[in-house]
Structures are given as C-alpha cells and as structure tokens.
Amino acid sequence: VQGLPGGQFANDGNRKSILDDPAEKKENKNNAEKIWVWDPTIGKTRVFLRATRRIEIGEEIFAPYDRRYWEIEDEWTLREMERIDEENLLEEEAAARRREE
C-alpha cells in the first residue's frame with residue numbers, strides 16, 4: 001500500500017518472545033527483508049519489504065528489525081526534529097519582525 005510504512009505489515013522475526021514460544025520451533029521466523037530506497041520526491045529514505053521465500057496466503061510476514069533499522073530510524077527522527085526546530089525558529093523570527101513593523 002503506497003505511503004504506509006513497512007511496520008504496518010511485518011513483525012520482527014528476531015524477537016525473543018517469538019523465538020521462545022514452544023509452539024515455534026524455528027530459530028528465525030523471518031520470511032522477508034527490508035530494502036532502503038532514497039525517495040527524492042519526499043526527501044526521505046523509504047523502507048520496502050521483499051520476500052526471502054514463498055509466503056503462503058494468510059501467513060504472517062516477519063522481517064528482522066535489527067540494530068541497523070533502529071539506527072536509521074533514530075537518525076531520521078533526529079534530522080526531522082532539527083528541521084522542525086529550524087522551521088519554528090524561522091516562524092518565531094518572522095512573527096517578531098511583523099510585531100516590530
């Protein structure tokens with residue numbers, strides 16, 4: 001679905017709670033991988049999912065949410081917060097100039 005983040009569709013197959021479930025005897029439930037693609041139209045990196053094996057109808061999708069994923073997410077969040085801070089500062093400066101006029 002265009003515009004929705006991959007987290008809407010996949011869970012982390014590396015989660016300890018999943019791997020420790022006695023009903024789940026697999027070492028790794030991942031059946032997809034994440035692909036990072038820079039999208040110049042929105043100025044952000046987008047994450048897509050790609051199947052690593054055949055996924056059956058109704059089967060849950062699992063992809064590894066490893067440290068790299070969270071580092072990229074944190075980096076993007078930090079850049080976004082800095083951008084918002086800069087916009088807010090510019091708006092405050094413009095409002096101050098209008099009050100002075």
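Modeller: Helices (H or I, at least four residues) and strands (E, at least two) are DSSP runs, numbered from the N terminus. Here the elements run β-α-β-β-β-α from the N terminus on. This is a predicted model, in which local features need pLDDT of at least 70 and side-chain atom pairs count only at pLDDT 80 or more, while totals for chains, interfaces and linings use all residues. Residues are numbered from 1 along each chain as its sequence is written, and side-chain values use heavy atoms, with hydrogens and water left out.

Colleague: What is the mean pLDDT of the chain?

Modeller: pLDDT is the predictor's confidence in each residue, from 0 to 100. The chain has a mean of 76, and 68% of its residues reach 70 or more.

Colleague: How many salt bridges does the structure hold?

Modeller: Side chains of opposite charge can pair when their charged atoms come close. A salt bridge is a side-chain nitrogen of Lys or Arg within 4 Å of a carboxyl oxygen of Asp or Glu. The structure holds 4. One of them joins Arg50 and Glu33 (2.7 Å, N to O). That pair links distant parts of the chain, Arg50 in strand S3 (residues 44-51) and Glu33 in strand S2 (residues 32-39), 17 residues apart.

Colleague: Is Asp39 buried or exposed?

Modeller: Buried means under 20% relative accessible area, exposed over 50%, and partly exposed in between (1.4 Å probe, protein chains only). Asp39, at 14%, is buried. Its salt-bridge partner is Arg46 (3.3 Å, N to O), and Arg46 is partly exposed at 24%.
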